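I opened this entry to record what I looked up in the model.

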Amino acid sequence: MSAPHDSSKWTIIFVLGGPGAGKGTHCGKLAANYPIAHLSMGDILREEQEKPGSRWGELIRRNILEGVIGPPEMSVSLLEAAMTKKYEKEGISVFLLDGFPRRIEHVELFETRICAPAAVLFLDCPEEVMQERLLKRAETSGRVDDTIAIIRKRFKTFTETTTPVIEHLRTQDKVIRNDAGKDTDAVYEQIQVMMEEKFGDVLKTSKRGRD
């Protein structure tokens, strides 16, 4: 599937941070308040693995249990389909990509197939804080990857494969760093300020829920 011509009009914001950094929480709040779409790579993968006959289903199941990352073609193809659907059905052209990209190869393929990101929102959070959050979430989430063994594998994967992505994009002056170890409300307030400073024209065109 090739990207639609109008992808040149899309504004893409990668959202990165370790497991439990608060990516989903803060992306959800931003999407509730601004005319943007929040697409979680993790949610997209979990949904895909449940689809009958999916070419990726079994691979996704194995990767989740092992705490590892799948091939770039899989992630980029699934994201491209999700963004195209949002754009064609709802006219949304600003996307928060939660948990993507996780490898340098993801960046390269995404930029070739779709477009370069406008920015990277990096939620920088201490590992001990993230672990505490994930174990608390595990009490009610029912997720197979919210176990201490898989959590530690995910931390290792993030450090070894995703940290170099952040450093690569930092050299392009695209990384917006946020201290995500603080109180949730304080973190979100700081994110709002940073986002409005960089994307004020886009975000203020049709704000929702801020009146």
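**Cores.** I started with the largest nonpolar core of this predicted model. I found 34 residues in this core, and those touching the most other members are Ile-12, Met-83, Phe-95, Leu-97 and Phe-110. I then looked up which element gives the most to this core: helix α4 (residues 72-90), with seven residues. I listed the contacts of Leu-97, leaving aside neighbours within four places in sequence. They are Ile-12, Ile-13, Phe-14, Val-15, Leu-39, Leu-79, Met-83 and Phe-110.

**Sheet.** I traced the strand order next and got β2-β3-β1-β4-β5, an open sheet of five strands with parallel pairing. Which strands stand at the edges? I found β2 (37-40) and β5 (175-179) there; each has a single partner strand, so one side of each is left without a neighbour in the sheet. I recorded the average twist from one strand to the next as 20°.

I checked the pairing of β4 (residues 119-124) with β5: the two run parallel and are joined by five bridges. For Leu-121, I noted Ile-176 in β5 as the bridge partner. Two helices that pack on the sheet went into the notes as well. Helix α1 (residues 23-33) touches β1 (11-17), β2, β3 (94-98) and β4, and its direction makes about 165° with that of β3. Helix α7 (residues 148-170) touches β1, β4 and β5, and its direction makes about 140° with that of β1.

**Cysteines.** How many disulfides are there? I counted zero. For Cys-115, I read 17 Å to the nearest cysteine sulfur, that of Cys-27. Cys-115 counts as buried, at 13% relative accessibility. For Cys-125, the nearest cysteine sulfur is again that of Cys-27, at 14 Å. Cys-125 also counts as buried, at 10%.

**Backbone.** I looked at the peptide bond from Phe-100 to Pro-101 and found it cis, with omega near 0°. I placed Pro-101 in the loop between β3 and α5 (104-113). Asp-173 went down as a residue other than glycine with a positive phi, near 60°. I located Asp-173 in the loop between α7 and β5. Is Asp-173 buried or exposed? I have it as exposed, because its relative accessible area is 67% and the cut-off is over 50%.

**Salt bridges.** I got 12 salt bridges in the structure. Asp-43 pairs with Arg-46, with the closest N and O atoms 2.8 Å apart. Asp-43 and Arg-46 are three residues apart in helix α2 (residues 41-49), which means a separation of about one helical turn. I have Asp-43 as partly exposed at 44%, and Arg-46 as partly exposed at 23%.

I also logged the salt bridge of Glu-48 with Lys-51, at 3.3 Å from N to O. Glu-48 counts as buried at 11% relative accessibility, whereas Lys-51 counts as partly exposed at 42%. Lys-136 and Glu-139 meet in a salt bridge at 3.5 Å. These residues of helix α6 (residues 127-141) are three residues apart, so about one helical turn separates Lys-136 from Glu-139. I have Lys-136 as exposed at 57% and Glu-139 as exposed at 58%.

Terms used
Residues numbered from 1 in each chain as written. Predicted model: local features only at pLDDT ≥ 70, side-chain atom pairs only at ≥ 80, totals over all residues. Heavy atoms only, no water. Core = buried A, V, L, I, M, F, W, Y, C linked by side-chain atoms within 4.5 Å. Buried < 20%, exposed > 50% of the residue type's maximum accessible area, 1.4 Å probe, protein only. Helix = DSSP H or I, 4+ residues; strand = E, 2+ residues; numbered from the N terminus. Contact = heavy atoms within 4.5 Å. Pairing = 2+ DSSP bridges. Axes fitted to C-alpha atoms, helices over the stretch in contact; angles between N-to-C directions. Disulfide = S-S within 2.5 Å. Salt bridge = Lys/Arg side-chain N within 4 Å of Asp/Glu carboxyl O.
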